[in-house]
Amino acid sequence: MMNCRAIVLVISFLFCLSIRVTAQKSVSELPPSQTAVLQQFLTEHKGLEFLSETVTDKSILKDMRKTFGVNFRPFYRAGDFNHDGVADFAMILAKEGGPTGDQGEGIAETHRKLYDMTVVIFNGVGKTYRPAFIKTTKAPRACFLNTTNEKRKRLTFGVYETDDGFVMTPAGKVYIIENGDK
């Protein structure tokens, strides 16, 4: 009887470890319902691809995690962004291909090359999600998603160690952009 309980505890522990959402190295690390929605979105939006955290400079990623917490995932965020009581998620996706801009020699290598990035917010709708916000912008791979620290948290897009970025504020079933982005 004791061995059976120990086995159940070990299996439960391993199961909990396996569902930890890292959501950054591959699409399959997202919760299953999010994986299906994201894969469908990528099928419908040819030229966009999942952005793995492995494209981020390791020292920048390490510093981001010191700043934002050890489980910080720069290109993924989950939460109730539109405050309707249903979980949502957001991703930064990349346009296939290489850089589309160069900010010049005076810029750090981690921030110099610009890529076409697309921010997508998927609002929770029942047991699934639907895209409620899509914005393409140019940014280095040191970009990230986060939430503000105010009472009614809002989703933000930023470039690490800069003031570049914008805030996505819910407005009904859509989002409006505030602060910065042109």
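**An open sheet, term by term**

An open sheet of four strands has the order β7-β8-β9-β10, with antiparallel pairing.

Me: What kind of model is this, and how are residues numbered?

Reply: This is a predicted model, where local features need pLDDT of at least 70, side-chain atom pairs count only at pLDDT 80 or more, and totals for chains, interfaces and linings use all residues. Residues are numbered from 1 along each chain as its sequence is written, and side-chain values use heavy atoms, with hydrogens and water left out.

Me: What makes β7 and β10 edge strands?

Reply: β7 (143–147) and β10 (174–178) each pair on one side only, so they are the edge strands. The twist averages 25° from one strand to the next, with axes being lines fitted to C-alpha atoms and angles running from 0 to 180 degrees between N-to-C directions.

Me: Why are β7 and β8 called a pair?

Reply: Two strands pair if DSSP finds at least two bridges between them. Five bridges join β7 to β8 (residues 155–159), so they qualify, and they run antiparallel. Across this pairing, N146 stands opposite T156 in β8.

Me: How many helices and strands does the protein chain have, and what counts as one?

Reply: There are four helices and ten strands. Helices (H or I, at least four residues) and strands (E, at least two) are DSSP runs, numbered from the N terminus.

Me: What share of the protein chain is buried, and what does that term mean?

Reply: Of its 182 residues, 41% count as buried, which means under 20% relative accessible area with a 1.4 Å probe, protein chains only.

How values were computed
Buried < 20%, exposed > 50% of the residue type's maximum accessible area, 1.4 Å probe, protein only.
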